[in-house]
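Student: Please take one part of this model and look at it closely. Then set that part against the chain as a whole.

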Amino acid sequence: MSEGHLYLNGAWTEGAGDGFASFDPATEARVWRGNEASTHQVGAAVEAARAAFPDWADRPRTERIAAMKRYQAALKARAPAFAEAISRETGKALWETTAELGSMTGKVDLSIRAYDERTGERTAETAFGHATLRHRPHGVAAVLGPFNFPGHLPNGHIVPALLAGDTVVFKPSEETPHAGQLITECLEEADLPAGVFNLVQGGRDVGAALLDQPIDALMFTGSGAAGAHFRRKFADDPHVILALELGGNNPLVVWDAADAEAVAGLVVQSAFVTTGQRCSCARRLIVPEGASGDAIVEAVNSLVDRLIFAPWDATPEPYGGPLISQRAAEQALAALQQRIDIGARVIRASGPVGSLPRAFVKPAILDVTGIDVPDEEMFAPFLSVTRVPTFEAAIAAANATRYGLSAGLISDDPAHWDHFIRRIRAGVVNFNRPTTGAAGDMPFGGLGASGNHRPSAYYAADYCAYPVASFEAGAVKNIEGEIKGLRQ
């Protein structure tokens, strides 16, 4: 166990601000307790990162790769305990957090490959010498982590940033401080130079204090509303690069698919995995009017009956757990009720899951056909159904959102896919697979309120370094012959 809950300039220390804690939403047991970083400690973290930057950026790339390999080894050694810790802090099923640790360890090799392919160096010979492309790190990167994947998602910013030569100040979600501490302990085992990586803990005030510091990059995963705030905050400061991985009001279209039970599996895994707490979850199911649409909705509803929502260590193994907190559940149920109040028809009602803590909520399915519902992401296992007369109307309904993260089509007709992929506006678009399917060796990001055209995953290398193009000659030579219009 580390002595202290902040990691500043290579040393653990206790926060000087208010105390706070995290709890297992499945049992309400306390998981972690510590003090927030003070504004002074946040400033000290950024100062340490700033002081460490020149040396870290100038080191041979092979040294940074070796450090990330040591971090990877620490993650692998701790993987079972780390996965259980994430399950305790988020309530997620152990099968899912085990997969999360696998993604974290795999991210190192993928990031090394992406750095080579997307931000490496290349040189071409020219008549005067050569032209060279290089990439340089930005400087101090602030990384703000989310609660739903408190290991994998911040890891997806931190690893490529450190490989590129950036230094990092990391603030985990206040809902998952223990996961942030465990990431830091693994990085400490990697023997990074003091100040290269720093951890501050706390809530919104600590995050705001961090963003008031002289940082060079903000790497954020979270809500569209928070992303919009950050855009406004840094609108007059183009020096700070923003990489915003935000949410979505994601559509899933089903059209001309004969096997309703097969469709149901894809819809359920799109809408309800992680208890609906993935930014790529399908929030809107768009189906044909009439009997074929009815059959799809009925099959989905029937399959949901079989899903087990229970504590992460329950037997039999659960499909999903609670939302991150009782407060999150209350907010989600209020948003659901708002839709019902304006006319949405209840196909499947939500509510508490037996006598379990109130962070647990049942999946819900609403029919919102013909109703003007808010274009907002409900971060919960809630699915809205819209029925339309034609495939063109289905695409129009799918695109009727200010978001643009993920989308999907389920169909037996490849011609529909050819048309859909040309017309749909989203950054992750899947065919006959769940909308939640994504790969670390592909970009991940969206348009509109879902991001700022800087996708993460394999493309994270792009926002961790900037390109420098150079024309270079080996000696000073007279180029008067190249200057037109000289008087003789």
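**A loop residue and its chain**

Tutor: Ala 235 is placed in the loop between α7 (224–233) and β11 (241–245). Helices (H or I, at least four residues) and strands (E, at least two) are DSSP runs, numbered from the N terminus. Residues are numbered from 1 along each chain as its sequence is written. This is a predicted model, in which local features need pLDDT of at least 70, side-chain atom pairs count only at pLDDT 80 or more, and totals for chains, interfaces and linings use all residues.

Ala 235 has a relative accessible area of 56%, so it counts as exposed. Exposed means over 50% relative accessible area, buried under 20%, and partly exposed in between (1.4 Å probe, protein chains only). Of the 488 residues of the chain, 56% count as buried. Along the chain, Ala 235 and Lys 171 are 64 residues apart, and 22 Å separates their C-alpha atoms.

Now the whole chain. It has 13 helices and 21 strands. Its radius of gyration is 24 Å, close to the 23 Å that the globule rule gives for 488 residues, so the chain is as compact as a globular protein of that length. The radius is taken over C-alpha atoms, and the rule is 2.2 Å times the number of residues to the power 0.38. Taken along the principal axes, the C-alpha atoms fill a box of roughly 85 × 65 × 40 Å. Among contacts (heavy atoms within 4.5 Å) between residues at least 6 apart in sequence, 72% join residues at least 24 apart.

Definitions and conventions
Side-chain values use heavy atoms; hydrogens and water are left out.
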